[in-house]
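This briefing sets out the architecture of the structure shown below, topic by topic. Please read it alongside the sequence and the coordinates.

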Amino acid sequence: MSRARLDCRRLLCPMPVIRVQDKVAKLQPGDELEVVCTDPGTMQDIPAWCRINGHLLLNQQVRDDEYIFHLRVQGDPH
Amino acid sequence: MQRKAVALISGGLDSLLAVRVMQDQGVYVEGINFFTGFCVEGHTHAIRKKDQKKLKRNNALWCAEQLGIKLHIIDIVEEYKDIVFNPKYGYGANLNPCLDCKIFMVKKAREWMESHDFDFIITGEVVGQRPKSQRKDTLPVVQKDSGIDDRLLRPLCAKNLPETLPEREGWVSREKLYDFSGRSRKPQMALAKQFGFEDYAQPAGGCCFLTDAQYSVKLQDLWKARGDKQYEMDDIMLLKVGRHIRPVPEYKLIISREEGEGKFLQGYRKQYPSLKTTSHPGPLCLIDGDFAEEQIEQAARIVARYSQGKNDPEVELEFRRTDGETRSIKVQPLPPHELKKEWVV
């Protein structure tokens, strides 16, 4: 299992989701990814993307105007 | 054998319904949503502080979740430039290359379909709904120029169109497809009600900044100033933010209108020289283009005009170069009558 981090600060919808999607495609089931965003829309979009694609959102938090997501890749990421 | 279709998902009602109609016929569907850089959704809301509390969501993702399908969001910003620069079929409203755009997206979806072993493409198009890309005479152009031919099914208006391969092969029943036409949204709304969909997006005039008159003027101004039709992702983002003032052809000022925009523009201070009022609360301004040293004062006077010191005899600003070097400038704010109308883009 690996842990990766993705900086999506300053990116606006849907770029953070695209970056997450592309990053997850390169990870293996069980790998974890932390994503840092500044677009408040990601609070809706990244959890929705995880639900649609069957990945596990371990937690999400807001810290100093940043939206931080921690997710675990599930099943076939492709 | 369950057939597989890939659907173009815009996030609007029509594509939502088209997928649902296919699912009712037992077709397995996955969605594709293309990001051109010009999508309206949420960008201004995400930037402006006053809009921070508005609900922001990506409608394509929302649709996919309602439908229980996978959605692939594909970045086509670079490839899409050719479509914006030279649309074979010209522009529709403002700078919207609508027919070329549709052809391009269907072509990209066809490539995806072929590489992922799917059987056909579906769209939410309705004949007669859009003045250029969804006319009875232009719908076949999309099929021909994209290379998809009769593997493109439009479930909401299929009964008004020639039979497609999925219908001929019995993968779907033509009888259970629809015959919607024209600009009325009533049939779609009735079908949405029947399926139990509420809270769907209803974008006015599509979901593309290129359909927006003011945005198109700003983009044309950018092209004119640079002497060619080029843009980068940062350019098209910045066209959505602030007031744009071009006092001379060589440079323009991008001046924040409120706190959220100021914060957003701050992120560009390593790419663009900037001005910020220091003696009074006021905007942040990026300077885009080439300017001479003596033109900085004029720029500063314009920026000061939008600060809380606009009626004071003097306002102090910080001029910052992209390498971080700063210096202070004191200027008299430009009086309103000296700000020429033609400067405002």
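Two residues are in contact when their C-beta atoms, placed from the backbone, lie within 7 Å. On that basis, 17 residues of chain A are in contact with 18 residues of chain B. The model is a predicted one. The points below begin with the interface and then take up each chain, the nonpolar core and selected local features.

**Interface between the chains**

- On the side of chain A that touches chain B, the elements giving two or more residues are α1 (15–25) and α2 (42–53) of chain A.
- The most is given by α2(A), with seven residues on the side of chain A that touches chain B.
- By residue class, the side of chain A that touches chain B comprises nine nonpolar, four polar and four charged residues.

**Chain A**

- Chain A contains two helices and four strands, and from the N terminus on its elements follow the order β-α-β-α-β-β.
- The radius of gyration of chain A is 11 Å, close to the 12 Å that the globule rule gives for 78 residues, so chain A is as compact as a globular protein of that length.
- The C-alpha trace of chain A spans about 30 × 20 × 15 Å along its principal axes.
- Of the 78 residues in chain A, 37% count as buried.
- When contacts in chain A between residues at least 6 apart in sequence are taken, 61% of them join residues at least 24 apart.

**Chain B: overall architecture**

- Chain B has 12 helices and 11 strands, and its C-alpha trace spans about 80 × 40 × 35 Å along the principal axes.
- Of its 345 residues, 44% count as buried.
- Among the contacts in chain B with a separation of 6 or more, 66% are between residues 24 or more positions apart.
- The domain assignment of chain B gives domain 1 (4–209) and domain 2 (241–343).
- The C-alpha centres of domain 1 of chain B and domain 2 of chain B are 42 Å apart.

**The largest nonpolar core**

- The largest nonpolar core has 108 residues, of which B:Ile121 and B:Val303 touch the most other members.
- Helix α5 (residues 98–115) of chain B gives the most to this core, with nine residues.
- At least three residues of this core come from each of domain 1 (4–209) and domain 2 (241–343) of chain B.
- Leaving aside neighbours within four places in sequence, the residues in contact with B:Ile121 include B:Ala5, B:Val6, B:Val106, B:Ala109 and B:Arg110. Also in contact with B:Ile121 are B:Met113, B:Ile148, B:Arg151 and B:Leu152.
- As general background, nonpolar side chains tend to be buried together in soluble globular proteins.

**Helix α11 of chain B**

- In helix α11 (residues 259–266) of chain B, the buried residues are B:Glu261, B:Gly262, B:Phe264 and B:Leu265.
- These residues cover an arc of only 165° around the axis, which puts them on the same side of α11(B).

**B:Pro335**

- B:Pro335 lies in the segment after β11 (326–331) of chain B.
- A residue is exposed if 12 or fewer other C-beta atoms lie within 10 Å of its own; B:Pro335 is therefore exposed, with 11 other C-beta atoms within 10 Å.
- B:Pro335 and B:Ile302 are 33 residues apart along the chain, and their C-alpha atoms are separated by 8.7 Å.

How values were computed:
Residues are numbered from 1 along each chain as its sequence is written. Chains are lettered from A and ligands numbered from 1 in the order in which they are written. This is a predicted model: local features need pLDDT of at least 70, side-chain atom pairs count only at pLDDT 80 or more; totals for chains, interfaces and linings use all residues. The radius of gyration is taken over C-alpha atoms; the globule rule is 2.2 Å times the number of residues to the power 0.38. A residue is buried if 20 or more other C-beta atoms lie within 10 Å of its own, exposed if 12 or fewer, and partly exposed in between; C-beta atoms are placed from the backbone. A nonpolar core is a set of buried Ala, Val, Leu, Ile, Met, Phe, Trp, Tyr and Cys residues joined through C-beta atoms within 7 Å. Domain bounds come from an automatic or database domain assignment. Ala, Val, Leu, Ile, Met, Phe, Trp, Tyr, Cys and Pro count as nonpolar, Asp, Glu, Lys and Arg as charged, and the others, Gly among them, as polar. The arc is that of the directions from the helix axis to the C-beta atoms.
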